[in-house]
Amino acid sequence: MSRVVFLLIPRVHLLDVAGPAQVFSTAADLGRPYTIDYVAEEREVASVQGLTLHARTSWPSLTADDLIVVPGWRGPARPASGETLRRLREHHASGGTVASVCAGADALGRAGLLDGRRCTTHHTVQDELARLYPRASVARDALYVEDDRIVTSAGVASGIDVALHLVTTRHGPYASGQVARAMLVHAHRDGTAEQVSPLLRRRSHVDETVHRIQDLIETRFTERLPLSLLAGAAGCSERTVTRLFRRATGLTPLAYQTALRLERAEHLLGRGATAEVAAREVGFADARMLRRLRTRATAS
């Protein structure tokens with residue numbers, strides 16, 4: 001069971017809390033092992049939007065599998081105490097992940113967790129973040145950035161994006177796709193604003209037959225999936241599968257599967273895997289095939 005702890009700062013933004021919390025609670029509803037806690041230095045935390053939130057003042061025991069999320073707030077707010085900042089540092093030092101939404105990055109900076117790392121925040125406070133923490137590298141064109149288990153996001157709706165990203169990295173693309181569909185999030189955006197996840201970008205249609213085919217591909221994307229198998233699962237002809245799939249997604253089933261494999265391989269490479277290991281994990285015959293497809297994708 002993984003625990004997600006939201007650290008609430010006075011004058012917190014509700015969507016910065018509710019968006020990521022909805023992602024993890026939906027993942028739990030769909031069978032993923034999550035529990036959610038809300039921690040603050042006082043039991044009642046006023047939000048900018050006027051709703052008062054209630055939190056526990058004692059921290060639960062955390063393991064490396066657990067996640068701390070610091071939502072953003074609107075200043076002026078009393079900064080987190082030294083004890084709270086120590087909690088953030090110790091959790092990261094023990095192998096855990098610490099994430100922030102919007103101005104929540106300030107707490108990570110106060111804890112020293114942004115030093116020497118790439119990070120981001122809402123565009124209106126990026127200059128201030130760079131001024132306060134000159135040893136951090138502030139990315140100004142990103143919705144979220146992950147650097148050595150420190151995950152920062154631009155804020156507001158991007159809190160949902162980064163939470164979906166964390167579900168993807170922990171459980172794979174099918175799990176985050178289930179969550180996104182349940183939340184009616186049709187276009188999950190990758191960390192760089194110019195890139196869009198092929199998994200969720202191609203889910204913004206209403207063809208349930210194609211959704212069933214996508215479900216099958218996503219759960220078995222490392223396997224060889226002949227068109228006859230997909231047609232059997234969909235209850236229609238191979239020709240109809242290809243026609244419906246292309247009309248709904250703009251891709252053939254094989255191109256969709258390849259896009260999923262490449263997305264997963266990019267994640268593995270970004271976390272230090274060799275090309276050989278990444279290729280094997282996603283179902284490619286060898287690293288040469290992975291390199292060729294990556295080059296082709298970049299060129300297009």
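**Close-up 1. Phe245 in helix α10.** Phe245 belongs to helix α10, which covers residues 238–249; helices are DSSP runs (H or I) of at least four residues, numbered from the N terminus. This is a predicted model, in which local features need pLDDT of at least 70 and side-chain atom pairs count only at pLDDT 80 or more, while totals for chains, interfaces and linings use all residues. Residues are numbered from 1 along each chain as its sequence is written, and side-chain values use heavy atoms, with hydrogens and water left out. Phe245 is buried, at a relative accessible area of 0%; buried means under 20%, exposed over 50%, and partly exposed in between, for a 1.4 Å probe and protein chains only.

**Close-up 2. Contacts of Phe245.** Not counting residues up to four places away in sequence, Phe245 touches Val210, Ile213, Gln214, Ile217, Gly250, Leu251, Thr252, Pro253 and Tyr256 (contact: heavy atoms within 4.5 Å).

**Close-up 3. Helix α8.** The twelve residues of α8, 208–219, reach 16 Å from the first C-alpha to the last, close to the expected 16 Å; the expected span is 1.5 Å times one less than the number of residues. Buried residues of α8 include Val210, Ile213, Gln214 and Ile217.

**Close-up 4. Cysteines.** The structure holds zero disulfides (pairs of cysteine sulfur atoms within 2.5 Å). Cys119 is in none, and its nearest cysteine sulfur, that of Cys102, is 13 Å away. Cys119 is buried, with a relative accessible area of 0%, whereas Cys236 is partly exposed, at 23%.

Terms used. Helix = DSSP H or I, 4+ residues; strand = E, 2+ residues; numbered from the N terminus.
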